[in-house]
Amino acid sequence: MTSQTTIKTTGPGDRAPQAPSDATPAKGLRGHPWFTLITVAVGVMMVALDGTIVAIANPAIQKDLSASFAEVQWITNGYFLALAVSLITAGKLGDRFGHRQTFLIGVVGFAAASGAIGLSSSIAAVVVFRVFQGMFGALLMPAALGLLRATFPAEKLNMAIGIWGMVIGASTAGGPILGGVLVEHVNWQSVFFINVPVGILAVVLGVLILLDHRAENAPRSFDLLGITLLSAAMFCLVWALIKAPAWGWGDGKTWLFIAASVVGFGLFAFWETKVKEPLIPLALFRSVALSAGVVLMVLMAIAFMGGLFFVTFYLQNVHGMSPIDAGLHLLPLTGMMIVGSPLAGAMITKLGPRVPLAGGMALTAIAMYGMSTLDTDTGSAVMSLWFALLGLGLAPVMVGATEVIVGNAPMELSGVAGGLQQAAMQIGGSLGTAVLGAVMASKVDSDLAGNWTSAGLPPLTAAQEAQASEAVQVGVPPLAPGTPDAIAAKITDVAHDTFISGMSLASLVAAGVAVVAVFVAFLTKRGENAEAGAGAAHI
């Protein structure tokens, strides 16, 4: 068997193409469907894991590198934003130069950037290399889906995509636990160093197993202006949301960046209708179900990733848990996502996506409301209940999103649709951290002074209040060295109560987002491509 095949694609009016000839069962390793799935799962697991494993390490990074709240946010936002901006472009690179090569380059670059973060001694270096992580990670995701679509026969593709989605969900949920173990017993740098051996394994498997596939009518040019416009628009939006607490929501600079993002998105949409090979063919969004699937992914990620950002600070800085204890307290979330994913896949196959996705987002809304009731005295049993409910709610969305988006796209645009699905999740995660971070910061700023005065503590200057607010936003009491125990206890109570009030409001906002997602879920439907895989026999 050769190391490269050519796949003939069809136009919009043609019948969906059958699986390529090499999608038949392979006698050896190279090109074997199930071994291909295992290989791409290792790479995708590394990227998905890194999306949440860092959350548990954020407090340690902040303390070790003396980082501010906004800088800690950029450890997450820089990664998600770079990943989201690059995904569609990376998908086109795979179509043009081959998904196998793109996948392997992504693995090598991601592992190298991870090692560089572990060797970094400043918060600026960490953020820069996180951006590189995101860019190389983007090469992996569409390439992995492209390899699966080209390797598996049509009747088995849906099963492969379901397992692929389950790996992403389990890795995303398992990040905090693994992160807790590493931070507790090694250091925060090990959270990134672990990607190096995983990357080496993925490269070895990829060289031995992956078979390259390229479309016959692969793109010959790249929409450089479209890439620039989309990147600038998303950067302006997230930058405005992150800086708004410091600048103020009424400040001209805040609205200048928001306006710039709106103009950027508008110019991008206009340009995409004019360019011969657009970055995102807008014809994709003529499908209401596909558009609803994209919006659903964004809303789910806002609620999930934004909420998870504060939970780690709540467990470690308010309840005083060690990183590993915090990770273990999130085990119900992880466990229910792993258990719920195959159950959700079966339900979606039997009932279609609408009811499972709407039900999942309803459970997510209830869980986020429950998390808004957490306080300094909440016990582990109550926390576990809400975390478990959140995992159970998220599972159908994690598993079903690819079926809804990719399944409702024309076959010739399936690669772009796969990149769009992942981009929606990453954009949502970045926006969730930024939006809920802004909500938290605003609530802390408005409540801290009053709570401080009510506790009978000495008045703060404007500069002292700003420093105290920054500390309280991550649940840390602003204690000066040598503070008497009685005063320290009062300051700690004020800091934790104020943090709780901010987290509660952020959780309520996340619950509201999840409620909106329930209605969006009812607009989804099973796509023609998803139907092709139903009830197929084993390879």
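Arginine 130 counts as buried because its relative accessibility is 0%, where buried means under 20% relative accessible area, exposed over 50% and partly exposed in between (1.4 Å probe, protein chains only). Arginine 130 sits in helix H4; helices (H or I, at least four residues) and strands (E, at least two) are DSSP runs, numbered from the N terminus. Leaving out residues up to four places away in sequence, Arginine 130 touches Asp50, Val54, Ile75, Thr76, Tyr79, Ile117 and Phe192, a contact being heavy atoms within 4.5 Å.

A word on what you're looking at: this is a predicted model, in which local features need pLDDT of at least 70 and side-chain atom pairs count only at pLDDT 80 or more, while totals for chains, interfaces and linings use all residues. Residues are numbered from 1 along each chain as its sequence is written, and side-chain values use heavy atoms, with hydrogens and water left out.

Now for the opposite case. Leucine 119 lies in the loop between helix H3 (99–118) and helix H4 (123–151), and it counts as exposed because its relative accessibility is 70%. Leu119 also belongs to a nonpolar surface patch of about 810 Å², together with Leu29, Phe35, Ile38, Phe193, Val196, Ile200, Val204 and Leu208. Helix H1 (33–65) and helix H7 (195–209) are the elements giving two or more residues to that patch, and H7 gives the most, with 4 residues. Patch members have over 30% relative accessible area and no salt bridge, with nonpolar side chains (Val, Leu, Ile, Met, Phe, Trp, Tyr) joined within 5 Å and like charges within 9 Å. A salt bridge here is a side-chain nitrogen of Lys or Arg within 4 Å of a carboxyl oxygen of Asp or Glu.

On the inside, the largest nonpolar core has 141 residues, and Ile61, Phe103, Trp188, Phe304, Tyr314, Leu333 and Phe499 touch the most other members. Helix H10 (residues 288–318) supplies the largest share of this core, 21 residues. Such a core is a set of buried Ala, Val, Leu, Ile, Met, Phe, Trp, Tyr and Cys residues joined through side-chain atoms within 4.5 Å.

Across the chain, 58% of the 539 residues are buried, and there are 18 helices and 2 strands.

How far can you trust it? The chain averages a pLDDT (the predictor's confidence in each residue, from 0 to 100) of 79.

| Element | Residues | Mean pLDDT |
|---|---|---|
| Strand E1 (lowest) | residues 4–7 | 40 |
| Helix H13 (highest) | residues 354–371 | 92 |

Confidence stays under 50 over residues 1–26 and over residues 530–539. Where pLDDT is low, the predicted coordinates should not be read in detail.

Definitions and conventions
Areas by Shrake-Rupley, 256 points an atom, 1.4 Å probe, with all protein chains shown as cover.
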